Amino acid sequence: GLVHAFETWVDKQNGAGENGPGTREPDGGLKKKYCMYTGGVVNEVNQTHDIKLVLQELVALICNHFGWQIAHVLIPDASGITRSAKIWKIPSSQLNSKFAQMSESDEFAPGTGLPGRVYQSKKLEWIYNVTLDTNFPRAQAAKELGLVSGVALPLLSRKREVLMVIEYFANREQKPEASFCTILEQCGQIIGKLIISEKISHSST
């Protein structure tokens with residue numbers, strides 16, 4: 001299933017090959033296991049036809065395995081204003097925090113805040129310390145919650161239109177890691193394509 005395939009991928013990135021921790025498998029094995037994971041995402045959507053459910057499971061898996069505390073999904077409108085989709089992976093004790101409230105009520109214009117920057121650049125954006133960033137309107141609320149690093153990526157259509165933005169936050173400084181960035185970007189591409197296909201299938205019925 002999706003969880004098992006993801007855990008296999010993470011073990012591989014951590015150097016735990018089939019011969020035990022610290023061993024590396026040939027590139028072909030790595031590619032095979034990555035395909036198992038991405039295939040699991042596709043199958044999950046095909047079976048449930050519920051993008052929201054898959055997104056919630058996906059961001060929770062990524063947070064749990066890569067050590068990020070919060071994930072949040074936002075959707076832009078036709079004018080480029082990005083707003084909360086109210087899809088979260090967040091500790092229940094933080095649901096009513098100022099940070100969560102601002103994240104759900106604020107509107108991010110293109111270039112403004114982390115979601116707006118991602119919408120404008122159409123690529124992954126990383127902030128080492130959101131509490132010190134001059135273009136992060138939720139800085140004080142993030143500080144109160146103990147958040148430090150933030151990263152966000154776009155989910156793009158085939159025409160490179162931003163369908164969604166997913167942001168992640170950690171309570172310590174996180175440096176960009178190739179495996180983490182790769183899996184975020186690849187999952188973004190896959191889910192973006194699946195959102196389009198779901199819209200097309202619904203419009204044709």
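Biologist: Which residues form one aromatic cluster here?

Modeller: Keep in mind that we're looking at a predicted model. A search of the whole structure turns up three aromatic pairs. The rings of Phe-99 and Phe-169 have their centres 5.1 Å apart, and the rings of Phe-136 and Phe-169 have theirs 5.9 Å apart. Phe-169 is a partner in each of these two pairs, and the cluster consists of Phe-99, Phe-136 and Phe-169.

Biologist: What kind of pair do the rings of Phe-99 and Phe-169 make?

Modeller: A search of the whole structure finds three aromatic pairs. For Phe-99 and Phe-169, the planes stand at 85°. Planes over 60 degrees apart get their own class, so this pair is edge-to-face.

Biologist: How many residues apart in sequence are the parts that Phe-99 and Phe-169 tie together?

Modeller: Phe-99 sits in helix α4, residues 98–105, whereas Phe-169 belongs to strand β5. Both of these residues are buried. The pair therefore ties together parts whose separation in sequence, in residues, is 70.

Biologist: And what about Phe-136 and Phe-169, what kind of pair is that?

Modeller: Their planes are at 65°. The cut-off for this class is over 60 degrees, so the pair of Phe-136 and Phe-169 counts as edge-to-face.

Biologist: Where does Phe-136 lie?

Modeller: Phe-136 and Phe-169 are both buried. The pair links parts that are 33 residues apart in sequence, because Phe-169 is in strand β5 while Phe-136 lies in the loop between β3 (125–127) and α6 (139–145).

Biologist: Is Arg-117 buried or exposed?

Modeller: Arg-117 lies in helix α5, residues 113–121. Leaving out residues up to four places away in sequence, Arg-117 touches Gly-111, Thr-112, Glu-125, Ile-127, Asp-133 and Asn-135. Its relative accessible area is 18%, and the cut-off is under 20%, so Arg-117 is buried.

Biologist: Where is Lys-86, the non-glycine residue with phi near 60°?

Modeller: Most residues other than glycine have a negative phi. Lys-86 takes a positive one. At 52% relative accessibility, Lys-86 counts as exposed. Its place is in strand β2.

Biologist: How does Arg-160 count by relative accessibility?

Modeller: Arg-160 also has a positive phi, about 60°, although it is not a glycine. It's in the loop between β4 (149–156) and β5 (162–170). At 44% relative accessibility, Arg-160 counts as partly exposed.

Biologist: In the hairpin of β1 and β2, which residue takes a positive phi near 95°?

Modeller: Strand β1, residues 70–76, pairs with β2 in the antiparallel sense over six bridges. Pro-76 stands opposite Thr-82 in β2. The hairpin has five residues between the strands, and the one with that phi is Gly-80.

Biologist: Which element gives the largest share of the lining of the largest cavity?

Modeller: There is one cavity of 30 Å³ or more, and the largest has a volume of about 40 Å³. Among its lining residues are Leu-58, Leu-153, Tyr-168 and Ile-191. At least two lining residues come from each of α3 (51–66), β4, β5 and α7 (178–203). The largest share, four residues, comes from α7.

Biologist: How many residues of that cavity lining are charged?

Modeller: The lining includes Ile-62, Leu-155, Ile-166, Leu-184, Cys-187 and Gly-188. By class, nine lining residues are nonpolar and one is polar, and the number of charged ones is none.

Biologist: How many charged residues line the largest pocket?

Modeller: The largest pocket has a volume of about 230 Å³. It is lined by 14 residues, with Pro-154, Leu-156, Arg-160, Glu-185 and Gln-189 nearest its centre. The elements giving two or more residues to this lining are β4 and α7. Of the lining residues, five are nonpolar and three polar, and the charged ones number six.

Biologist: Stepping back to the whole chain, what percentage of the residues are buried?

Modeller: The chain has seven helices and five strands, arranged along the sequence as α-α-α-β-β-α-α-β-α-β-β-α. Among contacts with a separation of 6 or more, 61% join residues 24 or more positions apart. Of the 205 residues, the buried part comes to 50%.

Technical notes:
Residues are numbered from 1 along each chain as its sequence is written. This is a predicted model: local features need pLDDT of at least 70, side-chain atom pairs count only at pLDDT 80 or more; totals for chains, interfaces and linings use all residues. Side-chain values use heavy atoms; hydrogens and water are left out. Buried means under 20% relative accessible area, exposed over 50%, partly exposed in between (1.4 Å probe, protein chains only). Two strands pair if DSSP finds at least two bridges between them. Rings of Phe, Tyr and Trp (its six-membered ring) pair if their centres lie within 6.5 Å; planes under 30 degrees apart count as stacked, over 60 as edge-to-face and the rest as tilted. Contact means heavy atoms within 4.5 Å. On a 1 Å grid over the protein atoms alone, a cavity is a set of points where a 1.4 Å probe fits but cannot get out, and a pocket is an open set with protein on both sides within 12 Å along at least five of seven lines; lining residues have an atom within 4 Å of a point. Grid points are joined across faces, edges and corners, and a volume is the space filled by probe spheres set on the points. Ala, Val, Leu, Ile, Met, Phe, Trp, Tyr, Cys and Pro count as nonpolar, Asp, Glu, Lys and Arg as charged, and the others, Gly among them, as polar.
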